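Subject: A structure to look at

Hello,

Here is the structure I promised to pass on. Please have a look at it first, and then read on for what turned up.

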Amino acid sequence: MKPEFTRIASNKQTTGLWHVTVADLKRLQFPYSDETIFEFCQNADPIIYQIYNNLFENSRLAALRDSLLPKLMSGELSVANL
């Protein structure tokens, strides 16, 4: 995409890509096919699923930490016998 961004920026007489606007991006067209979308989903879905699972697990572990840490700090729970 850099050549296309460079072309857009050159029409605006700039030296960089900083003047590529949202409107410029909305005018861009990307060729795609159903097969390309399917292949992307085949690769992206497991990653998205793992991200979701990681977020859920992080939330669960943070809740566990928040419930156990005060008890450990106060001496209500001990790890000496583990």
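Does Arg60 count as buried, partly exposed or exposed, and at what relative accessibility? Arg60 counts as partly exposed, at 41% relative accessibility; buried means under 20% relative accessible area, exposed means over 50%, and partly exposed is in between (1.4 Å probe, protein chains only).

A word on the background. This is a predicted model, in which local features need pLDDT of at least 70 and side-chain atom pairs count only at pLDDT 80 or more, while totals for chains, interfaces and linings use all residues. Residues are numbered from 1 along each chain as its sequence is written, and side-chain values use heavy atoms, with hydrogens and water left out.

Now the overall picture. The protein has 3 helices and 0 strands, where helices (H or I, at least four residues) and strands (E, at least two) are DSSP runs numbered from the N terminus. Along the sequence the pattern reads α-α-α. Of its 82 residues, 7% count as buried. The protein exposes about 7600 Å², and carbon and sulfur atoms supply 61% of that area; accessible areas come from the Shrake-Rupley method with a 1.4 Å probe, and for residues only the protein chains shown count as cover.

Just after helix 3, Gly75 takes a positive phi of about 90 degrees.

Back to Arg60: what does it pair with? Its partner in a salt bridge is Glu57, with the closest N and O atoms 2.9 Å apart. A salt bridge here is a side-chain nitrogen of Lys or Arg within 4 Å of a carboxyl oxygen of Asp or Glu. Arg60 and Glu57 are separated by about one helical turn because they are 3 residues apart in helix 3. Glu57 is partly exposed too, at 30% relative accessibility. The structure holds 2 salt bridges, and Arg65 and Asp66 also meet in one (2.9 Å, N to O).

Finally, Leu82 lies in the segment after helix 3 (34-74) and is exposed, with a relative accessible area of 85%.

Enjoy exploring!
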